[in-house]
Amino acid sequence: YPFGMFSVPRKELVRIHASSGTTGNPTVVGYTREDLENWAEQVARLVVAAGASDESLVQICFGYGMFTGALGLHYGLERIGATVVPTSSGNTEKQLKFMRDFGTDTIVATPSYCLYLAESARERAEEFPLGQYRLKLGLLGSEGCTPEMRDQIEQSWGGGFFATDNYGMSELNGPGMSGECRERCGLHINEDHFLCEIIDSKTGEILPPGETGELVVTNLTKRGIPMLRYRTKDITRIDYEPCACGRTTVRMTKPRGRSDDMLIIRGVNVFPSQVEHVLLELGMDPNYLILVDRKNNLDTMEVQVEMNAALFSDTVRDLESTEKRIEGALQSTLNVHARVRLMEPGSLPRSEGKAKRVIDNRKL
Ligand code: DLL
């Protein structure tokens, strides 16, 4: 850190980004001019596959700065001739105003922020009816999003909004490694730039085609900071079947989570995405927080989830029975007990970037 992993003299780098990282120093990455060209090309392909074009008017609600998401999408979208509006993250009121006034038809955001914007638009619907927005495409990514959550985001924006999932990581340029086409049956990998393998994260062994495991990526074209068999820690599967869209590249399934996201609760492996799946199946909104702790040497897990209008009730008995119902469903999916606590609508923190879903207070 910071520059020791670069493989060209610093002078040849024309941009540096860094990922936030949760502990210690950020991961610093560097791009030569050729790397930036390739990066824009990779993103351009994926946004076209998702349905963007030179007609699109795109609001980029990722935070501009060291995060690769905003500038990555920015140059990819400019490359195809789209009109880019770099609003960056935050300032929801202004985001919505530009969206209405400019007739923004495409939004770039994390799924959680896209949902939050929709909720905020709904709250203001008396003054500004949802019909005033022209949004029809969401290029979402940078955090996990179950198909159920995607459906909910689409419904919240009203009919006609279509969202695709986009994956990447700073060490592999940023966005642009893979993304969904209109068929949405996996994320097309830009295979001429990224060679992907799936391994067993415990043994390091390469798994046969079609198996689920940790994604390992070699970036075939990167010069500034080449990655050879880089362990992403993301858990996915590669699908080699041809896609109905006609593109011939392989697809990866939505990452199920990171191997280091996986919680071990009393010995049982739990992915936050499993919790999300259960909540949404029961008609809850994807506003939840998982709290893990250790009491008397025993792991405890509490899932706080916001009520929504459909489930709202004033009587304590109804609330308790809803909590019990969710606890039962979680128990049968996760095989471990989680206490459920219903929260008031709007009471859990919202994020303008990646949502924080887990607070683990166990002292290791
Ligand atoms: O999040 C790059 C990116 C920006 C991708 C914008 C897509 C759109 P990092 O901040 O380095 O880079 O975080 C990389 O985020 O290893 C995954 O664990 C997670 N991640 C990224 N995209 C997805 C996704 C960017 N579509 C880490 N689904 C990765 C699930 C994702 N997880």
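Author: Let us begin with the elements: helices (H or I, at least four residues) and strands (E, at least two) are DSSP runs, numbered from the N terminus. By that numbering, Trp-157 has its place in the loop between H5 and S7. This is a predicted model, in which local features need pLDDT of at least 70, side-chain atom pairs count only at pLDDT 80 or more, and totals for chains, interfaces and linings use all residues. Residues are numbered from 1 along each chain as its sequence is written, and side-chain values use heavy atoms, with hydrogens and water left out.

Reader: Which residues is Trp-157 in contact with, leaving aside its neighbours within four places in sequence?

Author: Contact means heavy atoms within 4.5 Å. By that rule the partners of Trp-157, neighbours within four places in sequence left aside, include Leu-96, Met-99, Cys-114, Tyr-133 and Leu-135. Leu-135 is 22 residues apart from Trp-157 along the chain, and their C-alpha atoms are separated by 7.8 Å.

Reader: What lies 3.4 Å from a polar atom of the side chain of Trp-157?

Author: It is the backbone oxygen of Cys-114. A polar contact is a pair of N or O atoms within 3.5 Å; within protein, one must be able to donate a hydrogen and the other to accept it, and residues adjacent in sequence count only if both atoms are side-chain atoms. The distance of 3.4 Å between Cys-114 and Trp-157 meets the limit of 3.5 Å.

Reader: How many residues surround the ligand, and which are the closest?

Author: The ligand is surrounded by 21 residues, the closest being Asp-165, Asn-166, Ser-170, Asp-234 and Arg-258. A residue is near a molecule if one of its heavy atoms lies within 4 Å of it. The largest share of this shell, five residues, comes from S7.

Reader: Which polar atoms lie at 2.6 Å and 2.9 Å from an oxygen atom of the ligand?

Author: A polar side-chain atom of Ser-170 lies 2.6 Å from a ligand oxygen, and one of Lys-354 lies 2.9 Å from a ligand oxygen. Taken alone, the ligand exposes 610 Å², of which the protein buries 91%. Such areas come from the Shrake-Rupley method with a 1.4 Å probe; for residues, only the protein chains shown count as cover.

Reader: Why is Ser-170 called buried?

Author: Ser-170 is found in the loop between S7 and S8. Its relative accessible area is 9%, and therefore Ser-170 is buried.

Reader: Is Thr-300 buried, exposed or partly exposed, and where does Thr-300 lie?

Author: Thr-300 lies in strand S18. With 25% relative accessibility, Thr-300 counts as partly exposed. As for S18, seven of its nine residues are buried, so S18 is largely enclosed by the rest of the structure.

Reader: What makes S17 and S18 a pair?

Author: Two strands pair if DSSP finds at least two bridges between them. S17 and S18 are joined by eight bridges and run antiparallel. In one of these pairings, Arg-294 has Asp-299 in S18 as its bridge partner. S18 also pairs with strand S19 (residues 339-343), in the parallel sense, over five bridges. There, Val-303 stands opposite Val-340 in S19.

Notes: Buried < 20%, exposed > 50% of the residue type's maximum accessible area, 1.4 Å probe, protein only.
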